[in-house]
Amino acid sequence: MLVGAREVTLAAARAVVGQAEALWPGDDVHAALGRSHDAVVVALHEGLGGLDADVLGAAAGLVRGGGLLVVCAPPAPPPQPALAVYPYGVADVGDRFWRRVLAHLAAVADDQPWAPPGDVATHGTDEQAVVVARLVQRLGAPRPTRAALLAARGRGKSSALGLAARALAAGGARVLISAPHERAAAEALRFAGAGVAFVPTDVLAQGGVAADAVLVDEAAQLPVPLLRALVDALPAARFAFATTTHGYEGTGRGFVVRFLAALPDVEVLSLRAPIRWAEGCPLEAAVDAALLLDVTPDVSPDVTPDVTPDVTPDVTPDVSPDVTP
């Protein structure tokens with residue numbers, strides 16, 4: 001983590017990253033979902049996005065094993081308009097979230113010299129092989145079927161889709177891969193091979209395209225009405241949807257609650273073991289804790305949350321890494 005003025009920290013980041021393949025501030029982080037990089041640089045300065053929880057969470061998931069996440073931060077927290085929820089304004093937002101995130105990241109920061117990992121062979125897990133086999137079985141059925149693959153970043157969802165698509169195409173099925181845009185499907189297409197084509201989701205939803213199986217990557221980025229139109233346009237096809245529902249993409253829960261819940265006879269699969277990095281990665285744990293990505297609300301019937309409007313954002317408890325939330 002680099003703390004200081006914007007140009008100073010960015011210059012230091014360039015010196016650390018060198019010629020490594022990297023994603024930089026200003027690049028579209030969400031357009032890069034599904035891919036991995038040697039290094040990802042995130043700037044928290046005003047004018048470069050500030051502390052955007054969506055961007056930070058997505059960026060951390062783009063770093064491959066042995067790679068580097070560089071966080072450039074100003075000495076003092078910039079305005080955080082994303083945290084100002086009506087009737088409160090930016091001036092009402094305190095700095096507890098800022099201090100929480102920086103404390104978690106600082107706890108796992110490493111100032112040792114870094115070198116790009118180079119060509120690192122990534123091997124699938126036994127868990128992924130089971131999921132791929134199940135997708136092939138499900139999508140190879142003689143009737144319309146639906147499957148969803150939900151998992152956190154780095155678990156091999158895209159490659160699992162691609163491997164399933166390859167096997168289905170090898171068996172003679174007409175297989176298509178779709179996604180919010182072609183770059184988001186790059187990993188799935190790489191594993192699918194030359195016999196599987198990409199078609200934009202909005203094109204498929206218009207009808208007129210023949211397919212036996214359609215595999216949709218990064219599905220939670222797509223509007224729910226478009227997903228429904230896609231299924232309606234190909235009533236005889238078998239579908240698989242892969243996505244993360246961690247929350248930082250903003251539509252993960254909507255995908256599950258508003259779309260999957262309405263699909264008949266959908267089978268939900270998951271992947272737990274990481275493939276992009278090692279099990280127990282301290283960076284993943286730090287980002288999950290800082291952004292509360294690994295928690296679920298207490299839904300006990302005897303718990304009634306206080307949601308009165310006179311509670312200001314600054315009265316939330318301080319939960320630094322050494323304090324149990």
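1. Is arginine 64 buried, exposed or partly exposed? At 23% relative accessibility, arginine 64 counts as partly exposed. The cut-off for buried is under 20%. Note that this is a predicted model.

2. Arginine 64 has a salt-bridge partner. Its side chain meets that of aspartate 38, N to O, at 2.4 Å. Aspartate 38 sits in strand S3 (residues 37-43) and arginine 64 in strand S4 (residues 63-73), so the bridge ties together parts 26 residues apart in sequence. Aspartate 38 is buried, at a relative accessible area of 9%.

3. Another pair is arginine 99 with aspartate 95. Their side chains form a salt bridge, with N to O at 3.3 Å. Arginine 99 is partly exposed, at 37% relative accessibility. Aspartate 95 is also partly exposed, with a relative accessible area of 32%.

4. Next, look at aspartate 265 and arginine 138. The closest N and O atoms of this salt bridge are 3.6 Å apart. The pair links distant parts of the chain, 127 residues apart. Aspartate 265 lies in the loop between helix H9 (252-259) and strand S10 (266-271), while arginine 138 belongs to helix H4 (residues 126-139). Arginine 138 is buried, at 9% relative accessibility. Aspartate 265 is partly exposed, at 47%.

5. Aspartate 265 and arginine 138 are also part of a network.

6. On the total: the structure holds 12 salt bridges. As background, side chains of opposite charge can pair when their charged atoms come close.

Note on methods
Residues are numbered from 1 along each chain as its sequence is written. This is a predicted model: local features need pLDDT of at least 70, side-chain atom pairs count only at pLDDT 80 or more; totals for chains, interfaces and linings use all residues. Side-chain values use heavy atoms; hydrogens and water are left out. A salt bridge is a side-chain nitrogen of Lys or Arg within 4 Å of a carboxyl oxygen of Asp or Glu. Helices (H or I, at least four residues) and strands (E, at least two) are DSSP runs, numbered from the N terminus. Buried means under 20% relative accessible area, exposed over 50%, partly exposed in between (1.4 Å probe, protein chains only).
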